[in-house]
Amino acid sequence: MMTAFGSSVRTSNTCNSLLKQLQQQIWIEIGESEAERERMLLEIEQECLEIYRRKVDEAANAKARLHQSIAAKEAEIAMLLATLGEINVNSRVNSDKTAKSLKGQLASVTPLVDDLNLKKEERMKQFADIKSQIEKINGEISGYGNIVSSVNALNLEGQDLSLRKLIEYQSNLRALQKEKSERVQKVLDYVNEVHALSSVLSVDFGKTVSDIHPSLHGSSMEHVTNISDSTLEGLDQAILRLKSEKKFRFQKLKDTVGSLFELWNLMDVQKEEKLSFLRITSVVSSSESEIVQQGALSLNVIEKVSAEVERLTKLKASRMKELVVKKRSELEDICSKTHIQPDTNTADDNTNAMIDSGLVDPCELLASVEAQIYKAKDEALSRKEIMDKIDRWLSACDEEKWLEDYNHDENRYSAGRGAHINLKRAERARITVNKIPAMVDSLISKTLAWEEEKRKLFLYDGVRLVSILEDYKRARHHKEGEKKRARDQKKLQDMLLTEKESMYGSKPSPRRSNSFRKPNGYGSYGNGSVTPSPRRNSVGCSTPELLTPRSYSGRQNGYFKEMRRLSTAPLNFVAIPKEDTISFSSVYGSEPESPPQS
């Protein structure tokens, strides 16, 4: 400041000396007038004033430019701070502004602007790198990965470059990278599944995936880049098609192998011929999801089995008569076990005659017999509960027959070996026999319910079971009446015998003398004890035989063959003796315990 003041004093002294020299020497020597002198002094003052004014203006302009530069720098700083999201730099700018001149302020702001610009450039590089990765992944996901969006990747001017925005972009990038990883894994899983299905079906794997996208058929599936929705959808559709084809082929192979098994069973194919199809039949025994063997469901395998079925079918046609007879035998066996009458139209004599005459197609005849087998099995299944009840009833009838024979045994209470076993069996048999009426009633109600449900009669060897049961109930009732009359007659005999002994005296009975004689229908064990065995009562016996389904069976009673042609109305097979009572003369003429004389 002092230097500037001294320079101004020296300049003023110089100007005064020059003005004095001009006024006292030069203008006097020249002879200038006072007016001229005043005019020239005024001009000098004006020129000096112009010079000062110009200099002041220049200084003012310089000051304005400095203010403008500082304002521009401050505006740039504000913009950079807003772009970068900085908030702690304004305090430093304000402190420099109050402590320094304009040039000092400008000198202090300029480095800050440079630092912020450098930071902005670095931040823009970070944003550009992240955005390029985001654009690349988005392009891969959308399916347009080869198109580089350079405009979007580099147009970062005026955008938010704050750290918060950078973290947001980084978070978005990580989410896209995770999605990409999941999509890559999904594509790999899809491709592996397509490969497995193609292997099972013997389908060209390369062509299948190349039709979806050429990049999928590569040597290294770890570097898959095509992860777009269209690729995933294409792979998903391909898997659905292959699974549908696999299901169709599996069902077709299963049906064909089933026909092959039927032909093998029908034609008794040798084991050696089946060995070549062992692998194929093992595939069919597995579930569809378990089939992973290469070529297990190829068209060649299906064609091979189909060709074998066709060959055996042609061979079957030549052996049709034998097959029909075999199936008929199977049908008769099923009907025999379930006591169902088979259709006589497909009997052996009829079928052989129809085949020889050419009136029917052997295949149709075989199909008819197979349909009858299926129908017989189905009916046997529906009759099972009733048949089980019939078996229990027949078993109870056998026990009743055994018990009757046992009760007629005079040595049943002997102390021989095995007697206690027969006593226990007799006790169980009495319990079982007491249940027979309830068994019959339950069987009748069950049979009627079956007939109501099936809307047809329940036939047992051609005769309605209800009729058989009703006949059995009538015969049993008649038998009970005969037993009651026999007991009454026995009491009367005992009374008459007692009176006879009191009048004439008793005498030994010749029949009681041989008490160890073996009765009819019993087997002796050599020790005096006997085991009852079932025996048929004669028609003239006082207690007629009870009728059971076995009495109606054509296999056990030839009489049923004659009665089969009759209607299923209740039949009277009970043989009732003509004489229900025994005359007193025959009683007096016979010994006690002797059989009634016919």
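**Briefing on a predicted helical and strand-containing chain**

Residues 24 or more positions apart account for 75% of the contacts in the chain that have a separation of 6 or more. The model described here is predicted. Its chain holds 20 helices and four strands.

**The chain as a whole**

- The chain has 598 residues, and 33% of them count as buried.
- Its accessible surface comes to about 38,100 Å². Carbon and sulfur atoms contribute 53% of that surface.

- Helix α7 spans residues 205-212, and its buried residues are F205, G206, T208 and V209. Viewed down the axis of α7, these buried residues fall within an arc of 165 degrees, so they line one face of the helix.
- In general, an α-helix has 3.6 residues a turn, so residues three or four places apart point the same way.
- The exposed residues K207 and D211 are carried on the face of α7 turned away from its buried side.
- The buried residues of α7 pack against two other helices, α6 (163-201) and α8 (229-267).

**Helices α8 and α12**

- Helix α8, against which buried residues of α7 pack, also meets helix α12, which covers residues 320-338. The axes of α8 and α12 come within 10 Å and cross at roughly 90 degrees. The two helices are therefore roughly perpendicular to each other.
- On the α8 side, the contact is made by N265, L266 and M267. On the α12 side, L323, K326 and K327 take part.

**Residue L41 in helix α2**

- L41 lies in helix α2, which runs over residues 34-84.
- With a relative accessible area of 18%, L41 falls under the 20% cut-off and is therefore buried.
- Leaving aside residues up to four places away in sequence, L41 touches L19, Q23 and W27.

How values were computed: Residues are numbered from 1 along each chain as its sequence is written. This is a predicted model: local features need pLDDT of at least 70, side-chain atom pairs count only at pLDDT 80 or more; totals for chains, interfaces and linings use all residues. Side-chain values use heavy atoms; hydrogens and water are left out. Buried means under 20% relative accessible area, exposed over 50%, partly exposed in between (1.4 Å probe, protein chains only). The arc is that of the directions from the helix axis to the C-beta atoms. Contact means heavy atoms within 4.5 Å. Accessible areas come from the Shrake-Rupley method with a 1.4 Å probe; for residues, only the protein chains shown count as cover. Axes are lines fitted to C-alpha atoms, for helices over the stretch in contact, and angles run from 0 to 180 degrees between N-to-C directions. Angles under 35 degrees count as roughly parallel, over 145 as roughly antiparallel, 65 to 115 as roughly perpendicular and the rest as oblique.
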